[in-house]
Amino acid sequence: MENGTEVIHGDILLEKGLITAVGNVNELLQNRKDLEVIDAHNAWITPGIIDMHSHMGADSLPKLSGSEDYYSPNAPVAPWVRILDGLNTHDLSYDLSIGGGVTTAIILPGSAGAIGGEAFPIKLRKTKENSPSSMLVEPPVGINTTFPYEYDKPRWRHLKQACGENPVAQFDMSRMDVAWAFREAYEKARKMKESQDAFCSKIFHGERELGDFPEDSQWEMLVDVLRGKVKVHTHCYEAVDFDQLIRLSEEFQFPIASVHHASEAYLVPHLLKRAYGPKPAVALFASQARYKREAYRGSEYAPQILAQYGFDIVMKVCILNSRHLLFEAQQAHYYGLPDNLAIASVTSTPARVLGLDHRIGYIRNGWDADLVVWDSHPLAIGATPVYVYIDGIAQLSSAHVSLKPSSHQEAPLVPDFSRDAAAVVDHSGLPPLEPKKRITGQILFTNVSAVFNRHGDEVSNIASSSEQGLLVLVENGYVQCVGTVHSCPVSDGRIETIDLKGGTVTPGLVSFGAPLGIAEILSEDSTKDGKAPDPFMAHLSSGLGDSRAMMRAVDGLRFGGRDALLAYRSGVTNAITAPTHGGLIGGLSTHFSLSAADALRPGAIIRDVAALHVAVLHAMGSHSISTQISALRQLLVPSDGSDNDILSEVRKGHIPLVIEAHSADVIAALIRLKEEVESRVGVTIKMTITGASEAHLLATDLSRAGVGVILKPGRSIPLTWENRRTSSLHRPQRDLEVIGT
């Protein structure tokens, strides 16, 4: 309650879809029949989570060409289209999002055009009618009738706009063209509004020669924007685009409700404050950045910086699935956003920005009974819904929760990143990230609670202390002692001491799956190694197994990229990266250090060739799955008996064969292929399935066949038809080797 600054211990009474009492409700329970009592066991309860940037139902899961309706490709300015007209009620995203505690989402048109169309907030629960209209939170006037009903609260309409690279790329425009497209559209709306006002003025003054009322269905939405009846939500990243947007709002005098993505908002807060009317809310990813040029200066400290300037902060997530939206709030809190604002960023703040805070976003008498009961404090990593209610209706048939320590029942303690945040601003979003080199002298880590060490493929706890009394002594770059103040020989000379305050010491993490070292900005070709040609796709059958023709990631490595250095600062010391490819044969991955300045430094390249990578997917052009597996069979067991460096090493079990596959049927075929190859060559080959969205369906078979599994991404979604049976939990069977990325 009260924007997260008030915590109440007590009861909540739900009745007829509403919250009817909060606190001590015993007196209200007398003589009640059919009362269901649920003991929450002192659990944390929050309002239902609200997703303020979603395309679910419009860009549906699984993605099929027959259900892609999230933007109009016909015009860069299309205020007349309504996302409601393309809302798919069978989208798997609804249930996935509910499983993460999301109860309400505003469904936005895509960001391809400058003005994408009308957006609509919906409740995610199933309705008896099972229609898009029945999912609307508050249908605005004009959806089902044109009769001007009177309401206690405004029935807000919502408009989606976009600046920057998206409309520029989609409609072959420049930023100047986009700005003119905005101004031309709003000028038409302003003239329409003035004509309507003049018409009404004639009536007011008793004139009889009126003619027809000036209206145009194409522009009525923008007329309502100018009349203050529409919440305008704008996809916008950079200062240049913010400036364009703010000047547009000042010229045509309409407020901006929110800016989305907004990677550079924290660098220009005073610019955003110049907007017409109240300053816009800012909807942000917590840490996702650098995937395109206009996101390159994004910072994990942006939420706390903008909150200090008084902006409403809304955290947002992947546009297709909101299951892990709370994780964005958890990350924002870790990087400095106060705990009450972090929880509010996915509950009460988006409710207020959407003009729906009189119904949702709070636990108050009379508000909608949209609630989430959590197994731990909502800001503790791994917090999981035990119960989810939408309009008082339970949404989860069962909850899968893991046992958590008692410390997870409190808001987590977080570091003070104020100096880091200041450095980001001082360097315009690009502070130096190069690691400090120290290879001489002693470093002493104190107050260590546990120490883990790697032995071969196993990581084990070699020391622990409930009283945080452990010391770890590092000298000249090597761990010399793990013990206590009495057992570790600390020199009397100069020594650097670091208090871990109960933290742990582990081996460095290893990245796999991210394009570290071969891509800096995914959407900019000049910052990448490029896509490896596929010999199979190019019909270069003679070169399929020739090691000289195999693309090697090591040859295209680029050191010192921001993603690599940020990963290093977060404990990822080395990475395994494969060439970027779009065909069957991916090439040879490499294992390298993220702290090295270049490939010539000692230890920079840990292993030139880590594995041979292939992909067996429906996305591989026009080639069928059976054709791809047949080609793979020919590579592994050539009919002419020919041999070569790389495939010989794979057949001998010296180099792993890493295959990207998602469908359980494809994975089953690959297991059969592995058994066939092994029976013919007489050697056990090392096969690993990456992607592996449906691998849980074959857990026992994979374990028996000795096939490793790397889940990529670790939080899989049913993005395509071939991984529609993904397990959101990915709970492996015993003895199955599973790695998450």
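**Cavities, cores and cysteines**

A search of the whole structure finds 9 cavities of 30 Å³ or more. A cavity is a set of points, on a 1 Å grid over the protein atoms alone, where a 1.4 Å probe fits but cannot get out. The structure is a predicted model, in which local features need pLDDT of at least 70 and side-chain atom pairs count only at pLDDT 80 or more, while totals for chains, interfaces and linings use all residues. Residues are numbered from 1 along each chain as its sequence is written, and side-chain values use heavy atoms, with hydrogens and water left out.

The largest cavity has a volume of about 110 Å³, a volume being the space filled by probe spheres set on the points, which are joined across faces, edges and corners. Its lining consists of 15 residues (those with an atom within 4 Å of a point). Ser 263, Phe 285, Gln 288, Gly 298 and Ser 299 lie nearest the centre of this cavity.

Where are nonpolar residues gathered? In soluble globular proteins, nonpolar side chains tend to be buried together. A nonpolar core is a set of buried Ala, Val, Leu, Ile, Met, Phe, Trp, Tyr and Cys residues joined through side-chain atoms within 4.5 Å; buried means under 20% relative accessible area, exposed over 50%, and partly exposed in between (1.4 Å probe, protein chains only). The largest such core has 84 residues, and Leu 124, Tyr 186 and Leu 222 are among those with the most contacts inside it. Helix α3 (residues 175-204) gives the most to this core, with 7 residues; helices are DSSP runs of H or I, at least four residues long, numbered from the N terminus. A second, separate core of 40 residues includes Leu 612, Val 616, Leu 670 and Ala 705.

Ser 97 belongs to helix α1 (residues 93-98). Ser 97 counts as buried because its relative accessibility is 0%. Beyond its neighbours within four places in sequence, Ser 97 is in contact (heavy atoms within 4.5 Å) with residues including Met 56, Leu 124 and Arg 323.

The last topic is the cysteines. Cys 481 and Cys 488 are joined by a disulfide, with S to S 2.2 Å; a disulfide is a pair of cysteine sulfur atoms within 2.5 Å. The torsion about this S-S bond is about -85°, so the disulfide is left-handed. Cys 481 is buried at 11% relative accessibility, and Cys 488 is buried at 5%. Cys 163, by contrast, is in no disulfide, and the nearest cysteine sulfur, that of Cys 236, is 3.2 Å away.

Methods: Helices (H or I, at least four residues) and strands (E, at least two) are DSSP runs, numbered from the N terminus. On a 1 Å grid over the protein atoms alone, a cavity is a set of points where a 1.4 Å probe fits but cannot get out, and a pocket is an open set with protein on both sides within 12 Å along at least five of seven lines; lining residues have an atom within 4 Å of a point.
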